[in-house]
Amino acid sequence: MAKKLQLELGKNSYEIHIEKGLLGDLASRLRKLCKTNKIFIITDSVVDDLYGDIVLYRLLKEGFTPRRCVVAPGERSKSLEQAEKIYSAMADFNMTRDSLLLTLGGGVIGDLGGFVAATYMRGVPLVQIPTTLLAQVDSSVGGKVAVNLQYGKNLVGLFYQPSAVFIDPLVLNTLSDKNFNNGMAEVIKYGCIKDEGVLSILEKLHGREQIMGRIEEIIFLCCCIKREFVERDERDNGERMLLNFGHTLGHAIESLSCYGYSHGESVAMGMQVITELGEDVGITEPGTSGRLKKLLSSFDLPCQCPAINGEDLCEAIRRDKKNRGGELNLVLLRRAGKACLHKTSVNFFDRLAKCA
Ligand SMILES: NC(=O)c1ccc[n+]([C@@H]2O[C@H](COP(=O)([O-])OP(=O)(O)OC[C@H]3O[C@@H](n4cnc5c(N)ncnc54)[C@H](O)[C@@H]3O)[C@@H](O)[C@H]2O)c1
Ligand SMILES: [Zn+2]
C-alpha cells in the first residue's frame, strides 16, 4: 500500500512518498513541483546502469529537459573536488534557481547532491530519490547534507531540506545482500530506540523476501520515527541525538577498521555492545541484548565486540566530532523501544578492555 508522510518544518516542510513502482510515475509527480523544464540528475554509475535510462526516458516523455551527471560509486565521490566538477556541469547546463536537482542513488549521492543543491547559487530546489535501504529509511530524511575531507567524514556540510522525497522500494530488489542488511541495521535501530512494534514485525518475518513483502510499511514506520526526531530538533542539538544509538561505538569501529566494516555492520556491533554494557550497569532491562543479538544475527550482522584494542576504541571515541570536551552523551536503551541519554565520560568504555 502506498504511503505518504509530511515533514512539518515551517517553510521547509515537504512530503515523503513511499510506493512500489513509483519510479514509473515520477515524471508526472515532478511536474507538480517543477517551475521550469530543466532537471539536473546526479547519480552513480551502478545506479545509472540500472535505472538511469528509464528515469531519463520518462522525464523526456513528460517534456522535461533533463541532463544526467554520473559519478563513480562509493564514499570517495563525497568530496569537494567532485562537488566542484558538478557545479561546473550545472553552470554548463545553464541551471537557474528555478531548475531542479534530482538525486538518484544511495546515501553517498544524496549527501553529495544535497550539498551541491544547497550551495549552488545559494540553493536550488532538490528532490531526493533514495535507492538503498539505508538512504530510504535514514539519509534522505532530515536534511543533513555533506562532503568528506581527508580528515574525516561529513566535515563540510549543512542542513538543507528537499522539496520532496520519492521512495520506490522496488529498486531495493537489485541491492546486494550486504547493502540490504546494512540498511536493516538502521531499521533495527529505529525499533530499538522508539518502536518495539518494528522489532516484533521483523521477528515474525524470515528472510529478505518476506521483509520485501512488508517493505512499504517498514520504511514508513522508520521515516515516521525519524520525522518525529527531526521535527522536534531540526538542527540536531538535543533529542535527535537518540538517533545515534549504537553510533558512538559504531563510528569508532568503522574508523579503526579503516572502513573494513561497513557502517551498518559497525552500528550493529555498537548497538549490541552498548546494550550489553547498559544491562551491566543496570540501566537496560535484562534480556534486551539477547533479543537484539538474535535479530541482528538473522540479518548476518555482526554483534561481537571486534578484536580491537579497548584503549584504541576509547581514543577513537574521544576523537569523534560529536563528543565535545571529554563528556559523552551516550544513547542507552531502557528497554526495547525506549532509548535514553546517559551523560558520562569516555571512561565508561574502560570496561570494554576486557573484550579486546
Ligand atoms: N545525511 C544523513 O543523514 C545520513 C545518514 C546516514 C548515512 N549517511 C551517508 O550515507 C552514505 C552511505 O549510504 P549508502 O549505504 O546508501 O551507500 P552508497 O550510496 O555508497 O550505496 C551503496 C552501494 O549501493 C549501490 N546502489 C545504490 N542503489 C542501488 C540499487 N537500487 N541497486 C543496486 N545497487 C545500488 C551504489 O552504487 C553503491 O555502490 C554515507 O556517506 C553516510 O555518511 C547520511
Ligand atoms: Zn547510521
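Predicted model: local features only at pLDDT ≥ 70, side-chain atom pairs only at ≥ 80, totals over all residues.

Visitor: At what angle do helix 10 and helix 11 pack, and how far apart are their axes?
Guide: The angle is about 130°, with the axes 7 Å apart. Helix 10 covers residues 247-256 and helix 11 covers residues 263-280. That angle makes helix 10 oblique to helix 11.

Visitor: Which residues make the contact?
Guide: From helix 10 you have His-247, Leu-249, Gly-250, His-251, Ile-253 and Glu-254. Helix 11 brings His-263, Ser-266, Val-267, Met-269, Gly-270, Val-273 and Ile-274.

Visitor: And how do those divide into nonpolar, polar and charged?
Guide: There are 6 nonpolar, 6 polar and 1 charged in the contact of helix 10 with helix 11.

Visitor: OK, switching to the metal. What coordinates the zinc ion (ligand 2)?
Guide: Three residues are listed as donors: Glu-186 through OE, and His-247 and His-263, each through NE2. The distances run from 2.0 to 2.2 Å.

Visitor: How are the donor residues spaced in sequence?
Guide: The pattern is E-x60-H-x15-H. Glu-186 sits in helix 6 (residues 177-194) and His-247 in helix 10, so this pair ties together parts that are 61 residues apart in sequence.

Visitor: Are Glu-186 and His-247 buried or exposed?
Guide: Buried, both Glu-186 and His-247.

Visitor: What is Glu-254 in contact with, leaving aside neighbours within four places in sequence?
Guide: Glu-254 is in contact with Lys-153, Tyr-259, Tyr-261, Ser-262, His-263 and Ser-266. His-263 is also one of the residues coordinating the zinc ion (ligand 2).

Visitor: What about helix 13: how do the axes of helix 10 and helix 13 cross?
Guide: They cross at roughly 110° and come within 9 Å, with helix 13 spanning residues 310-319. That makes helix 10 roughly perpendicular to helix 13.

Visitor: Which residues make that contact between helix 10 and helix 13?
Guide: On helix 10, Thr-248, Leu-249, Ala-252, Ile-253 and Leu-256; on helix 13, Asp-312, Leu-313, Ala-316 and Ile-317. They divide into 7 nonpolar, 1 polar and 1 charged.

How values were computed:
Residues numbered from 1 in each chain as written. Chains lettered and ligands numbered in written order. Heavy atoms only, no water. Axes fitted to C-alpha atoms, helices over the stretch in contact; angles between N-to-C directions. Helix = DSSP H or I, 4+ residues; strand = E, 2+ residues; numbered from the N terminus. Parallel < 35°, antiparallel > 145°, perpendicular 65-115°, else oblique. Contact = heavy atoms within 4.5 Å. Nonpolar A, V, L, I, M, F, W, Y, C, P; charged D, E, K, R; others polar. Donors = N, O, S within 2.8 Å, 3.2 Å for Na, K, Ca; no water. Buried < 20%, exposed > 50% of the residue type's maximum accessible area, 1.4 Å probe, protein only.
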